[in-house]
Amino acid sequence: MNRRPSLPGAAELFRLTAAAPAPEVSTSEDAPQQRRGTGRTKHTTKITVYVSDEELLALETARLALRGSYGLGVDRGRVVREAIAIVLDDLETLGDASLLVRRLREQ
């Protein structure tokens, strides 16, 4: 029987827990509020997405580039949530002319 207590690692002890400041919102009534992907919070809903080896490698490469070139230590889930927020904003704003609609029509 191990009597040594289990302690959190340094990454967990020193992670940022304060919420990021809210983005400035334009006073114009026609300016839509921009979506943001959720950060380090407990997520209660899960989906499973299957990706190709190439897509996973590209995602991991992007994550490492964010860390190495921009000093942003984020996990793959955070990158995916931000990407989803960006695409949904584009769809909501541009509708038929959005990048998502155009790319899905190409298939």
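## Basis of the model

Because this is a predicted model, local features need pLDDT of at least 70 and side-chain atom pairs count only at pLDDT 80 or more, while totals for chains, interfaces and linings use all residues. Residues are numbered from 1 along each chain as its sequence is written, and side-chain values use heavy atoms, with hydrogens and water left out.

## Overall architecture

The protein chain contains four helices and zero strands, and its pattern along the sequence reads α-α-α-α. Both kinds of element are taken from DSSP runs, helices being H or I over at least four residues and strands being E over at least two, with numbering from the N terminus.

Of the 107 residues in the protein chain, 8% are buried, where buried stands for under 20% relative accessible area, exposed for over 50%, and partly exposed for the range in between, computed with a 1.4 Å probe on protein chains only. The chain exposes about 10,000 Å², of which carbon and sulfur atoms supply 56%; accessible areas come from the Shrake-Rupley method with a 1.4 Å probe, and for residues only the protein chains shown count as cover. Among contacts between residues at least 6 apart in sequence, 48% join residues at least 24 apart, a contact being heavy atoms within 4.5 Å.

## Packing of α2 against α3

Two packed helices are described by the angle between their axes and the distance between the axes. Helix α2, covering residues 53–70, packs with helix α3, covering residues 76–94, at an angle of about 100° and with the axes 10 Å apart. The axes are lines fitted to C-alpha atoms, for helices over the stretch in contact, and the angles run from 0 to 180 degrees between N-to-C directions. The pair α2 and α3 is therefore roughly perpendicular, on a scale where angles under 35 degrees are roughly parallel, over 145 roughly antiparallel, 65 to 115 roughly perpendicular and the rest oblique.

On the α2 side the contact is made by Leu-56, Leu-59, Glu-60, Arg-63 and Leu-66, and on the α3 side by Arg-76, Val-79 and Val-80. These residues divide into five nonpolar, no polar and three charged, with Ala, Val, Leu, Ile, Met, Phe, Trp, Tyr, Cys and Pro counted as nonpolar, Asp, Glu, Lys and Arg as charged, and the others, Gly among them, as polar.

Arg-63, placed in helix α2, counts as buried at 17% relative accessibility. Its side chain is joined to that of Glu-60 by a polar contact of 2.5 Å, a term for a pair of N or O atoms within 3.5 Å in which, within protein, one must be able to donate a hydrogen and the other to accept it, and for which residues adjacent in sequence count only if both atoms are side-chain atoms. Not counting residues up to four places away in sequence, Arg-63 touches Val-74, Asp-75 and Arg-76.

Arg-76 belongs to helix α3 and is partly exposed at 39% relative accessibility. The side chain of Arg-76 makes a polar contact of 3.5 Å with the side chain of Glu-60; apart from neighbours within four places in sequence, Arg-76 is in contact with Leu-56, Leu-59, Glu-60 and Arg-63. Helix α3 also holds Arg-78, which is partly exposed with a relative accessible area of 27%, and the C-alpha atoms of Arg-78 and Arg-63 are separated by 9.4 Å although the two residues are 15 apart along the chain. Arg-81 lies in helix α3 and is partly exposed at 24%; its C-alpha atom is separated by 8.1 Å from that of Arg-36, 45 residues apart along the chain.

Ser-98 lies in the loop between α3 and α4, the latter spanning 99–106, and is buried with a relative accessible area of 0%. The side chain of Ser-98 reaches the backbone oxygen of Gly-95 at 2.9 Å and the backbone nitrogen of Val-101 at 3.3 Å. Leaving aside neighbours within four places in sequence, Ser-98 is in contact with Asp-90 and Leu-91.
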